[in-house]
Structures are given as structure tokens and as C-alpha cells.
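Here is a short report on one protein model.

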Amino acid sequence: MNPRLDLLQTYPFEKLRGLVADVKPADKPAISFGIGEPKHPTPQFIKDAMTASLSGLAVYPATAGTSELRETIAGWLERRYGLPKVDAATEVLPVSGSREALFAFAQTVIDASQPDPLVLCPNPFYQIYEGAALLAGARPVFANSDPARNFAPAFDQIGADVWPRVQLLYVCSPGNPTGAVLSLDDWKQLFDLSDRYGFVIASDECYSEIYFDEATPPLGALEAAHRLGRGFERLVMFSSLSKRSNVPGLRSGFVAGDAAILRKFLLYRTYHGAALNPAVQAASVAAWRDESHVRDNRAAYVRKFAEVTPLLAEVLDVALPDAAFYLWADVSRTGLTDTEFAVRLLAEQNVAVLPGSYLARDAHGVNPGRNRVRMALVATPDECLEGARRIVEFCKSLG
């Protein structure tokens, strides 16, 4: 067996299941804020596009996807981020969801023959980054979130002796679980470091279309590069339809950026066997071409956050994030740790949340997720509001 598998840590949701295995939930309807799985309805036109294309199941799909899908994605990138012409043939590659691609990308980029290769991750973080690094033969290192900057990663805390060994840097903007959006200054810092040390930047932007002000969408990595007058060298962004269009089961996304890197990534994926189902590609074309359902989706999240956040702020240290659909709440004032809070909230109110320490690692002398919980406001507005009311009741019962 591959000995590197022994390096992988238990996934956060497995940890949570173990934590509450012996808990008898309160006799109330279950409400889950634990898993970031969108619960809004899938738009009918996406389902119709998929079923209308089932004849495509009779052929093997190309790993590079159809030219129609690549061109549709390129057009979306140009409209969304104000980019000049994106080369659909060389700068865009459809993938079977951002999670699969984020993992596979490290296997393409990392040169494990070099001494002590490093992969730099935000902390807290999406655990795929860590697993991808370890199975590629690299060692993960972490940049802790900075509460003073709405939890953006503090790259300044990375020592000068570390940067020369970094081969790949994962960033997530808007972030999971904090919702932090990197600024243009943040991107300039990362680009300057990449130019100096030669590492590749993998920008996870799967939450980019969940935000609160229609006039100010989150800045993207390719957009930042363009605004700073540079190309896409050593830069690849990852996006997905899961959150944007409420189709997590479709497993459809794309990567875009540095053409030379994508050429190597396509070679890897040809052997990896990750071509998109033709019907999925047809549904994806329909989804990327339509923005009205995305605006409706955002509006639903805006309403939920507007109702829930003020309620929870009465009893917890919590505020509206920059973007995404999570609340990153400090539970210290309850007198409970994040794991104690999760256990007792489930037992007394049948509301599930994810302990923040499960999403982070000890780094620079601290676990930045400790005594925080992540709440995913993905359920219906009524369920989210009821869940918030139960949390308030629970916190007040603690005195």
C-alpha cells in the first residue's frame, strides 16, 4: 500500500460523526449548518438541458471537453472578470468539480525529487489541499488567518527560509470557512513572491458567485493579474457550478490560466480518466450562459444572512463575511470549546455545526480554528432562521 496514505488526517465530517456518535439529539426537527452542501433547488432549465443530451452517453467524451463548453466558460470569464480574449483552446479546461481538480493539480505540479518540497495552504483550510500535498510527496505548511483583516491569510508570517521550497500555493477566495476575499494588494504580494521564488498559485474560487452586493463581486485571481498588467504565468484558477447553480451532484467545474501548466494538467488528466459526461457538459453550457438564476440564488443568501447574523451576534462573536455562505463564529463567550459547543448544541437543540478546530492545524503556535464554529447557511430561509433562534436559546441557557 502507498505509505503516504498513512499521513492523511481524518476528514472533518468523519471527526464530527465520531464526536457526536453517542449524542442523543433533542426531540426537535434536525437542522444542519454543518456541511456546505447547497440546498436551494436546482434550476429546471439545467435539468432539461441534461436530459435532452442523454444521447451523448453513446460516445466517449474527450478529456479536454467540447469546444462549446470551453468557449462558453471563456466567455463567462471575460464577462465576469473584465478580461481580454481568453483562449478557450489553451487557457480553459473543464473538470469534474473543483475538489477533484484541486487534488489532481498537486500531482501535476509537485516535483518530489527536490529536497523538502512544500505546499503553502491557508489555515483554516479545505482539507483537500493538505491531502493533495502529502500524496504528491510534499509537506504542507500554513499561513494562519488574520482576524484583523477579516480572516485573510497572513502570508507575512511565512519565514524567508520557507519560500524557496514552496512549489505550490493554495489560496481560497472567498475563503472556506472564513469568507475572506483577497484584495488587489494581497494578489500583488503573492504574484511578487511567485515571480521571485517560482511557485505555482492555485486559486480556489468555488464561492466566487455567493456575495452580498451586486455592485462589488469578489475580485478573482485572473482579474487581479489583468488589473496589475501581467499575464497568467504560474497562475491557475478553479471554479465550479456546485454553489453558483445549486448542482453539487453535477460535478462540473473548470480550471483556467497559464496555458503551459494546463497543457501538462491535460496530459495528467488524460491518464487520470476524468472526462466529463457529455450530458453533464451540455447542462454546464446552459448553466454558465445564464446569470438570472445566479442572481436569484445570491438574493436568497442575502436574505438569510440579513436575518440570521444579527440574531447570532446577540450571543456570539460573529459578523457578516466578505462573501461565501458561511458564518465563522467565535464561541468563547459561552465558556465552551468549539467541540463542546457542537456536542451540546446537537444534544439540546438538534442543530449541527462544525467545530473550527477540525478545519485548521496547529501552526505558528496556535490553531486558528480553536473555539470557533463554522455555520453553513445552506438550508431554507425558514430552517436557517429557526436554527439561529435555537442557537440563541441555547447560548442564553448557558448564562
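## A pair in the sheet

Which residue in β13 does alanine 329 stand opposite? The model to consult is a predicted one. In it, valine 373 of β13 faces alanine 329.

The setting is a pairing between β10 and β13, where β13 covers residues 372-376. Five bridges link these two strands in the antiparallel sense.

## The open sheet

Strands of a sheet pair through backbone hydrogen bonds, either parallel or antiparallel. Here the sheet is open and has three strands, with antiparallel pairing. The order is β10-β13-β12. Two strands sit at the edges: β10 (326-330) and β12 (354-355). Each of these edge strands pairs on one side only.

## The cavity

Rolling a probe the size of a water molecule over the atoms shows where empty space is left. How many cavities of 30 Å³ or more does a search of the whole structure find? The search finds one. The largest cavity holds about 120 Å³ of space.

Its lining has 17 residues. Closest to the centre are Pro122, Pro124, Pro153, Gly175 and Thr178. Both β3 (118-123) and β5 (152-153) supply at least two lining residues each. By class, the lining counts 12 nonpolar and five polar residues.

## The annotated domain

An unreviewed UniProt entry places the feature "domain: Aminotransferase class I/classII large" at residues 30-391. This span is 38% helix and 16% strand.

Methods: Residues numbered from 1 in each chain as written. Predicted model: local features only at pLDDT ≥ 70, side-chain atom pairs only at ≥ 80, totals over all residues. Heavy atoms only, no water. 1 Å grid on protein atoms, 1.4 Å probe; cavity = no way out; pocket = protein on both sides within 12 Å on 5 of 7 lines; lining within 4 Å. Points joined across faces, edges and corners; volume = space filled by probe spheres on them. Helix = DSSP H or I, 4+ residues; strand = E, 2+ residues; numbered from the N terminus. Nonpolar A, V, L, I, M, F, W, Y, C, P; charged D, E, K, R; others polar. UniProt positions renumbered as here; feature names shortened; annotations may be inferred. Pairing = 2+ DSSP bridges.
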